[in-house]
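Open the model in your viewer and keep the selection tool ready. The tour goes from one selection to the next.

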Amino acid sequence: MGTVHAKSLDPLPMHGRDLGVNTDDLVETPEVEQEAKQEILENKDVVVQHVNIQGLGRTKEDLLGYEISDVFSAKNLIDVMKKAHIARQRLLRLGIFKDVEVLIDTSEGNLVWLYALPNGLDVIFEVTEVKRLAGSYNTMVGNNEGSMVLGLKLPNMLGRAEKLTFQFSYGTKETSYGLSFFKPQPGHFERNLSLNMYKVTGQFPWSSLKETDRGMSAEVNFPLGMTNHTLKWEGVWRELGCLARSASFAVREESGHSLKSALSHTVSIDSRNSAIFPSRGALLRLNQELAGYTGGDARFLKEDFEVQLNRRLFWDSVLSASLWGGMLYPLGGQPSSIADRFYLGGPTSVRGFGMYSIGPQSEGDYLGGEAYWAGGLHLYTPLPFRPGKGGFGDLFRTHFFLNAGNLCNLNYGDGPRAHLQKLAECIRWSYGAGIVLRLGNIARLELNYCVPMGVQNGDRICDGVQFGAGIRFL
């Protein structure tokens, strides 16, 4: 009897009289005969009679049936191995198994098939479930700050890939904790529901502002054709206060409590081969947020977008172009809040300027704006002389950039032409070069030499070396 352990797609020899391969013939066989037998192996019709999952504890079998059902449609051995490999990846994607091994064997029959067909196969998945309770400790980098994150997780809580997570984060500018529940749709992991409760305390020194948010949210994610969609409701009680006694009167006016209840929708198309160092592909993301119609005293309509194009050039160099933009429209005749406006500037957007230090300000405190745009053109190349090629050196890139953008408030009584004219005034821009380091597939670090241009009164600049860390860069 023959068995195949399929952890990869590499063709593995099988033996047994029913598959047309004799083990004695596999030793010192002429090359032509080997190719003929390989062709038989690939083209001989087979029937998958039985698919079994061994090692299950708390996991419900009906959930896994969706993930492995395609194996039954395989027509030959190579097809069986490919579909079994895909099924293994789908099982691991659920996050409920520590390991999955695949065994392919000649069939012995079962309760459904009372006898074994001459070309019948059995496929067995041997799984190892993750622990009921898992703890984690890691660090996160984002928005030019670092955080220590402690977490407790109950994976596969109800047996169908549900997950309950508690997370505590302590950062240089922000402290938060939250409880979240995640539930995927069986057979369609990309369609899922998330419920969250959280408390977040943040400090924003560029505005002399501190903010404490206590809230809850419900989020549904689903693909539709080539697009991915997120529908979200969020209700949050916000407490704003001054970070320093020297805070401007404009910031003090914003202090106090407010309640925001908002519905939002995000649609994205992402064909990039990497989120951190893409060498090809494009990204389009559109987001709309409507606050006030489901309660609360914050009322506004907010729209923003992101576009990115990437193209590989010669010598492993990559040309990348990005464009961001957004607009906030207050509703109900009340002004917008400093907590809802857009901010621009810093190593993650318009380099060469201070963090969120472009646009309207009062006594040195930056108040944000209701409309903005920002664009970037980048050339990424390997390090000179390619040190560490094929290893650690591939985590680095040389970076040449040109950034531009503007942030302002609009008079919504004027027409679109006046809005565009104001956004085209007082454009800040910068250029420079530096080195970029990829941290896995979640974040990156930049060390750049920047030359800011188009500086306006009140802007805070960083002329020279600037360091940046984060997930999302212009």
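In which strand is Ser194 found? Select strand S9, residues 188-204: Ser194 is found there. Helices (H or I, at least four residues) and strands (E, at least two) are DSSP runs, numbered from the N terminus. This is a predicted model, in which local features need pLDDT of at least 70 and side-chain atom pairs count only at pLDDT 80 or more, while totals for chains, interfaces and linings use all residues. Residues are numbered from 1 along each chain as its sequence is written, and side-chain values use heavy atoms, with hydrogens and water left out.

Stay on Ser194. Its relative accessible area is 13%, so Ser194 is buried (under 20%; exposed is over 50%, partly exposed in between; 1.4 Å probe, protein chains only). Not counting residues up to four places away in sequence, Ser194 touches Phe181, Phe182, Ser217, Ala218 and Glu219 (contact means heavy atoms within 4.5 Å).

Next, select helix H2, residues 61-68, where Leu63, Leu64, Glu67 and Ile68 are buried. These residues lie on the same side of H2, because they cover an arc of only 120 degrees around the axis (taken from the directions from the helix axis to the C-beta atoms). Now show what the buried residues of H2 pack against: strand S2 (47-54), helix H3 (77-93), strand S3 (97-106) and strand S4 (120-129).

Finally, keep H2 and H3 on screen. Their contact is made by Leu64, Tyr66, Glu67 and Ile68 of H2 with Ala87, Arg90, Leu91 and Arg93 of H3.
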